[in-house]
Amino acid sequence: MNYTKQIQDIASQLFAEGKIDVFVGYRLNGFDDNQVPVLIKDPQDVHKLVFTDKSVFNLVNYLKTDHTRRKRVGLVVKGCDSRSLNLMLTENQVKRENIYVVGICCEGVTDDAGQKMQNCVDCMVPDAVVSDELLGTASGADTLTYKMNADVAALSNIPLTERAAYFEEVFENCIRCNACRHSCPLCYCAKCCIDQETATLYNGANTTSAAFHALMTWSLHLAGRCVDCRNCEKACPSHLPLHLLHKQNESVIFENFQEHLAGVIPEDRGAFYKYSLKDPDDFIM
Amino acid sequence: MEKLLIPMICKVDKVIQETPDIRTYRLKFREEGMMDTFTYLPGQFVEFSLLGSGECTFCIASSATRKGYFDCSIKKAGVVTADIHSSLEEGDEVGIRGPFGNWFPLEDIKGKNLLFVGGGIGLAPLRSLIQYCIDNRGDYKDFTILYGARTSSDMCYKDEIKEWQDNPSLKVVLTIDRPEDTWTSNVGVVPKILEEVVKPVIENTKVITCGPPIMIKYTIQSLLKLGFADKDIITTLEMKMQCGLGKCGRCNIGSTYVCKDGPVFTNEQLKSLPDEF
Amino acid sequence: MEAEVKDQLVSIEKPELIAPPNWEPVIMGILCNWCSYAGSDLTGTSRIQYPPNIRIIRVPCSSRVDPWFLIKSLQTTADGVLVSGCHPGDCHYISGNYFARRRFLVTKKLLNFVGFHENRIQFSWVSAAEGPKFAKVVNKVTEDIKKLGPLHLYKKENFEKK
Amino acid sequence: MSFSTFVTDKAGLQKFYEAIMASQETYAPVEKFGKFDFKRVSALAECDPESPIAKTMSIKPLFFPRTAKVMKFVATSAGTDVSEVDEDPLAVKRVILGVKHCDARSLQVLDKVYNWDYIDTDYQNRRQNTVIISTRCDKADTHCFCTSLDYDVENLDAMDILVVHGTDGKEYIKARTEKGNELLSSDVTRHASPVTEEITAPVLKSQYASFAASFRLKMNYKEVNEKLSKIFDTPEFENVSGNCVSCNTCAFVCPTCHCFKISDEKIKDTGVRYKSYDSCNNGYFTLMAGGHNPRPAKYRRWRQRAMHKFVYYKERFGENLCVGCGKCTISCPVNISIFEVVNQVSAAAMQE
């Protein structure tokens, strides 16, 4: 998977036509083969853009920052990124006419060790679902087959107490830097409910209990919206397995709520913003 | 110097509703005798904590020359101050840490003409110095107070201003931003009144100003235009603070800790700081 | 269930935390204003007894219940939570409880996933006319939680250290 | 005065560590989720004193905990009471193993801020009761640049005991302070033999030389510091902070960031006041209640961070706040390197 040339061409053409003010893409980080996001404002810098299977970060995150607000943006999206973009559009966070989307039919990205990332192995929507221009060949799969996350499945099968002990360790190792939230493209609220500034209502301190509270609240606010791009997990300095919480929610939602998968269908809202009369009722007395 | 992060308990002696959103809390230490050891100078601040809600920084709005109590004027602005306004009544107890910070250069201003320029809640730190100077009236020469507020009902310390107006040795100029039916005094923003009505003497005068950041900015501009030297303009800065001890790093402006080196600065000092206040 | 419950207590490895004698659970009851709260009222006026362990909070609608409420109560004083609203189709606001139902399911499963016993988080539909049902529900929840013992997971006071 | 030095082999070093663990309260890097954090250990099997620098958290939390209780309080309508917290668990006599040089240096830097004006007694107690055993790295990591800064890595005296893997295959254990000397003079060194300065000096020197040669990043510190202090208003900060997502991770993993916030937590009538980490990259950091924010834009917060590290702290306390460990760069989701930032900005200053 290498679309470096195409993306450079598209970007310089967009700049030449005056269609965009800034292009958000990837560049080499300059010391190894990993890549970092780059905001290109000057057409001269277009040659910096690259796209390979090391283009990991979800760039939709930049649509919520000062740098791209109220500007016309060119953007590269992979399958999962496009789903989060879809949700941003549905939730009126960005205007469609202000962004030019270069969609990628993604074949999966790799981590530092060169292994295909776990979310890419399990990926159900590899092709960009929203784009002005689509690069690569679409996988062509019509029906969604849900792949249960292996970690979630394994954890669900162990006794409750062991699971509790495992998660206690997870929350204990959280340092509450909130990097997970900041790097999430869908956490765009101007004031976040897990932020420490409203500390009297929410836990401001960095105790295990507070971390439990913050991460649980955060993951529930993303339930039915999380697109499994793993930006949070990549940002976490303690390498916590945050995907467990999201994938657990996702599997419950997919199973019970008419196979809802966040952001796949345009104009489809998060699972908690709609309902069906057929939703399960048997757990309620 | 130990455990300065743990507050001392004070009792609210009196609550004065100054304006719809400003209240003055008169505080006394719960323990007898603490008040005597609590010495402070005009311009210093305290950390005021409503236990359970959090901590806020307020300037002491009274002078140590008035013994037995100290005042904090609190404007409803954020989470903690809203809690203070809604729940703190006479007889309640609060935590106080302090006093912290530096104070107005009392030695420097001795024997000088004084011009106080205040806006809104910015009169609170000035009030501390005004009270101090009134109590040591012999040390100072001419004495002018210019105070502006958005509307007449937004003026705090109304009773005290009346006292000042009745005091023949003080000159008090009041102004509001927009005309009102019952208002007979000046109308206009502070810098304009300063230039057009007050017309201060420049020689041997120290200006002490405090107010909203935007007011301070324009006041300093017009003071410089009038011909004041940078070192004669004294202001107190507003900055978010949490520890008051020069540790938490919140009040850093350049290499300056506002909580230790400030909050009182002359314009000369301000100019040497990066533009981040 | 018994074996699992025992496990949960032992796993904490703090003997002093195992249920003290005469321990009574605290249950947070979050009730919708239009049905369940009226229902609980009816239980009282019909003189039907139910355990006093439940502490009731009234909310306008069951969809007002943010998952955060459940997390916060489990983390502070409650040993269990009961959320109750109108029967499907009876919502005063037409569809509030349908939205709530989705959230409840996901919250319950997630809390169970991170180590809370599923009986600690319970939901019910109680209408304004169902006084006896409300008593039955509270009885059942109290009984369930009594079996589980006190909740220690992520309680503030036990997890202050890092 | 001279301190004792011992020489031993690989197995002897292990035994030295084990002897310390048996006799002292010991903290060492413990792996969790692929990341090493310093935790209380009782056996060598639990920890790895040679943990890779890129995956190790700093030792700052052992001196300045991520969350510390400031006080407890009871606030009822009847009255209010505050009380001090229980004994500090971090103030006991202890030894920390596997500390990197940059981490050891960070404490030396932090001492300055904790010892000016109000002296933080908690920090002092923790510091005095701790013996730091620092291992010199054999090879620099991708983002390390400690040798480029204003301190002498070779003769660093921030640690109490220095462990060097000699180029000759032997392990050298060297006391650097009185505290360290005292520990070494007990029987923990029974598997090692004392050596003289003359023998160790060349070995240590050659080890350092090979270590110093392995750095990818090198900068002219003096020049950078000088340039940065002169350019406050440069648009370059906007460029370098462009792809920052303001996630605050850099400050939380930084061994020298010392900003904190104070927050209250209350259940019913009783509560605790906590002091926990905060970051200047957070938009809320300087936001005042009235809505005025001196640093509203991302580049201003970045400027504060870079300038505080490389200029302000130096001006105020005479030390560079950045110790060159590269932890922020590794943890950053978009790999913004403080090294690149300061170099790029000072290079831009040169052009102006």
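Predicted model: local features only at pLDDT ≥ 70, side-chain atom pairs only at ≥ 80, totals over all residues.
**View 1. The open sheet of chain B.** Six strands of chain B line up as S4-S3-S6-S1-S2-S5, with antiparallel pairing. Out at the edges sit S4 (54–59) and S5 (70–75) of chain B; each has a single partner strand, so one side of each is left without a neighbour in the sheet. Going from one strand to the next, the twist averages 40°.

**View 2. Strands S1 and S6 of chain B.** Here we zoom in on S1 (residues 8–19) and S6 (residues 93–100) of chain B, an antiparallel pair joined by four bridges. Look for Cys10(B), which has Val94(B) of S6(B) standing opposite.

**View 3. Where chain D meets chain B.** This contact brings together 40 residues of chain D and 36 residues of chain B. S11(D) gives the most, with six. Sorted by class, the chain D side has 20 nonpolar, 10 polar and 10 charged residues.

**View 4. The two domains of chain A.** Between them, 21 residues of domain 1 of chain A touch 20 residues of domain 2 of chain A. Helix H2 (residues 79–90) of chain A gives the most to the domain 1 side, with eight residues. That side of domain 1 is made up of 11 nonpolar, seven polar and three charged residues.

Definitions and conventions. Residues numbered from 1 in each chain as written. Chains lettered and ligands numbered in written order. Pairing = 2+ DSSP bridges. Axes fitted to C-alpha atoms, helices over the stretch in contact; angles between N-to-C directions. Contact = placed C-beta atoms within 7 Å. Nonpolar A, V, L, I, M, F, W, Y, C, P; charged D, E, K, R; others polar.
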